[in-house]
Amino acid sequence: MMATSEELSAQSNPTQTVKYDPKSQTVTLPSGLVSVAGVTVVTGGAELSCGSCMLAFAVWGTVVGLSIVSLGLWDLSVYSGPSHLLALGLVLLLTSLSLVAMIFVLRLIMKKRRMKARRERAEANLVLINDYAEVVLKRVTV
């Protein structure tokens with residue numbers, strides 16, 4: 001027996017919504033309760049290490065791209081026809097090299113931001129500076 005569309009719409013409850021409680025960091029789904037901290041426990045914290053593993057994936061992608069490009073060049077020299085392997089290797093190589101470059105640029109930007117924040121925190125402790133000798137005369141100790 002086939003279920004009609006009215007029976008299907010009666011079975012599914014469209015008013016059920018996902019609710020997030022920021023205080024306890026829990027997400028209430030229509031089928032039960034899922035904890036955001038529980039995701040970290042189950043995955044071993046892998047979702048928090050994305051920034052550190054992206055460089056490794058990009059380097060391995062570059063190595064694989066280089067090997068595919070070399071195979072594509074060999075295929076092109078042997079069969080002297082259009083090589084789809086060469087095109088795939090070039091796409092993978094360019095993608096992974098751009099990812100490596102982007103990671104290094106973002107790390108450089110973040111390093112400059114951290115150094116600027118440290119400098120601002122250090123300057124916030126200074127109270128009186130002798131401009132002529134560039135000597136700190138008084139420092140705030142907290």
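Trainee: Is Ser83 buried or exposed?
Mentor: Keep in mind that this is a predicted model. Ser83 has 13% relative accessibility, and the cut-off for buried is under 20%. So Ser83 counts as buried.

Trainee: Which residues does Ser83 touch, leaving out those up to four places away in sequence?
Mentor: Start with where Ser83 sits: in the loop between helix H3 (50-79) and H4. With residues up to four places away in sequence set aside, its contacts are Gly72, Asp75 and Leu76.

Trainee: And Ser80, buried or exposed?
Mentor: Ser80 is also found in the loop between H3 and H4. Exposed takes over 50% relative accessible area. Ser80 has 63%, so the label is exposed.

Trainee: What is phi of Ser80 near?
Mentor: Ser80 is a residue other than glycine, yet its phi is positive. The value is near 45 degrees.

Trainee: Okay, on to H4. Which residues gather with Lys111 in a patch of positive charge?
Mentor: Lys111 is found in helix H4 (residues 84-124). Its relative accessibility is 47%, so Lys111 counts as partly exposed. On the surface, Lys111 gathers with Arg114, Arg118 and Arg121.

Key:
Residues are numbered from 1 along each chain as its sequence is written. This is a predicted model: local features need pLDDT of at least 70, side-chain atom pairs count only at pLDDT 80 or more; totals for chains, interfaces and linings use all residues. Side-chain values use heavy atoms; hydrogens and water are left out. Patches are made of residues with over 30% relative accessible area and no salt bridge: like charges are joined within 9 Å, nonpolar side chains (Val, Leu, Ile, Met, Phe, Trp, Tyr) within 5 Å. Accessible areas come from the Shrake-Rupley method with a 1.4 Å probe; for residues, only the protein chains shown count as cover. A salt bridge is a side-chain nitrogen of Lys or Arg within 4 Å of a carboxyl oxygen of Asp or Glu. Lys and Arg count as positive and Asp and Glu as negative; His and the chain ends are not counted. The place of a charge is taken as NZ of Lys, CZ of Arg, CG of Asp or CD of Glu. Helices (H or I, at least four residues) and strands (E, at least two) are DSSP runs, numbered from the N terminus. Buried means under 20% relative accessible area, exposed over 50%, partly exposed in between (1.4 Å probe, protein chains only). Contact means heavy atoms within 4.5 Å.
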